[in-house]
Amino acid sequence: MSMKTRLLGMTLVTVTTFGATGAMAADTNNVQGLYSADELMDADVYLKSDSNREIGDVEDILLGEDMSVQAIVIDAEGLDNEGNYVIKKGDFTVQTSPDDNLDNIEYRVTVDMDEKAIAEQPQYTNDWWQSSKAQAADAWDHTKKGAQSAWNSTKSATANLLDSASDAIDN
């Protein structure tokens with residue numbers, strides 16, 4: 001099984017989380033329950049301010065340590081400042097055209113920025129990737145340590161409370 005196939009399979013599972021955050025399916029009355037990362041790849045991308053102007057397509061889907069969608073990369077060949085830009089979750093929406101046949105499903109991505117704002121987004125380069133990967137790993141590690149510390153504090157506080165309650169009952 002190729003890395004792309006495994007990634008797409010994992011993303012297919014996590015895309016439902018992506019939809020639940022409000023970034024995927026804009027129409028909550030038309031919930032599909034499952035979305036295809038393969039179909040999202042190469043989806044046409046449009047500006048919110050000019051919904052008829054195709055500016056490019058989805059080049060990549062970026063997942064976090066917890067396998068949730070964190071961003072997409074758009075290949076913005078239709079902009080004056082062409083390039084591959086990282087668009088974080090919350091700055092785009094995905095509309096779907098559901099169909100009974102997987103081959104007929106189409107996705108349309110709308111970026112909630114104007115052309116100037118897109119040009120100010122990070123360029124998807126190896127330097128950006130290495131830096132972002134390290135920052136995300138540090139943030140994930142910090143989150144795990146914070147959660148572990150909170151759990152230990154809760155255990156300690158609960159034990160103290162139970163000891164105090166036991167002492168009160170004994171007296």
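Reader: Over how many bridges do β5 and strand β6 (residues 106-111) pair in the antiparallel sense?
Author: The model is a predicted one, in which local features need pLDDT of at least 70 and side-chain atom pairs count only at pLDDT 80 or more, while totals for chains, interfaces and linings use all residues. Residues are numbered from 1 along each chain as its sequence is written, and side-chain values use heavy atoms, with hydrogens and water left out. Strands (E, at least two residues) and helices (H or I, at least four) are DSSP runs numbered from the N terminus, and two strands pair if DSSP finds at least two bridges between them. F92 has V111 of β6 as its bridge partner, and the number of bridges over which β5 and β6 pair is six.

Reader: Which residues form the covered face of strand β5 (residues 92-97)?
Author: In a regular strand the side chains alternate between the two faces of the sheet. In β5, the uncovered face holds T93, Q95 and S97, whereas the covered face is made of F92, V94 and T96.

Reader: In what order do the elements of the protein run from the N terminus on?
Author: The protein has four helices and six strands. Read from the N terminus, their order is α-α-β-β-β-β-β-β-α-α.

Reader: Over how many bridges do β2 and strand β3 (residues 69-75) pair?
Author: The hairpin of β2 and β3 has five residues between the strands, and M67 there takes a positive phi near 70°. V58 has I74 of β3 as its bridge partner. The two strands are antiparallel, and the bridges between them number six.

Reader: How many of the ten residues of strand β2 (residues 54-63) are buried?
Author: Buried means under 20% relative accessible area, exposed over 50% and partly exposed in between, with a 1.4 Å probe and protein chains only. Of the 171 residues of the protein, 29% count as buried. Strand β2 is largely enclosed by the rest of the structure, because the number of buried residues among its ten is seven.

Reader: Which residue of β2 is the bridge partner of D44?
Author: Strand β1 (residues 44-47) runs antiparallel to β2, to which three bridges join it, and a hairpin of six residues leads from β1 to β2. The β2 residue that partners D44 is D57.

Reader: Is D57 buried or exposed?
Author: D57 lies in strand β2 and, leaving aside residues up to four places away in sequence, touches D42, A43, D44, V45, V73, I74, D75 and E77, where contact means heavy atoms within 4.5 Å. The relative accessible area of D57 is 18%, so D57 is buried.

Reader: Which residues touch the most other members of the largest nonpolar core?
Author: A nonpolar core is a set of buried Ala, Val, Leu, Ile, Met, Phe, Trp, Tyr and Cys residues joined through side-chain atoms within 4.5 Å. The 25 residues of the largest one touch other members most at L40, I74, I87, V109 and I118.

Reader: Which element gives the largest share of the lining of the largest pocket?
Author: On a 1 Å grid over the protein atoms alone, a pocket is an open set of points where a 1.4 Å probe fits, with protein on both sides within 12 Å along at least five of seven lines, and lining residues have an atom within 4 Å of a point. The largest pocket has a volume of about 760 Å³, and of its 25 lining residues the closest to its centre are L63, G64, E65, Q70 and A136. At least two lining residues come from each of α1 (3-20), β2, β3, β4 and α4 (126-170). The largest share, nine residues, comes from α4.

Note on methods. Grid points are joined across faces, edges and corners, and a volume is the space filled by probe spheres set on the points.
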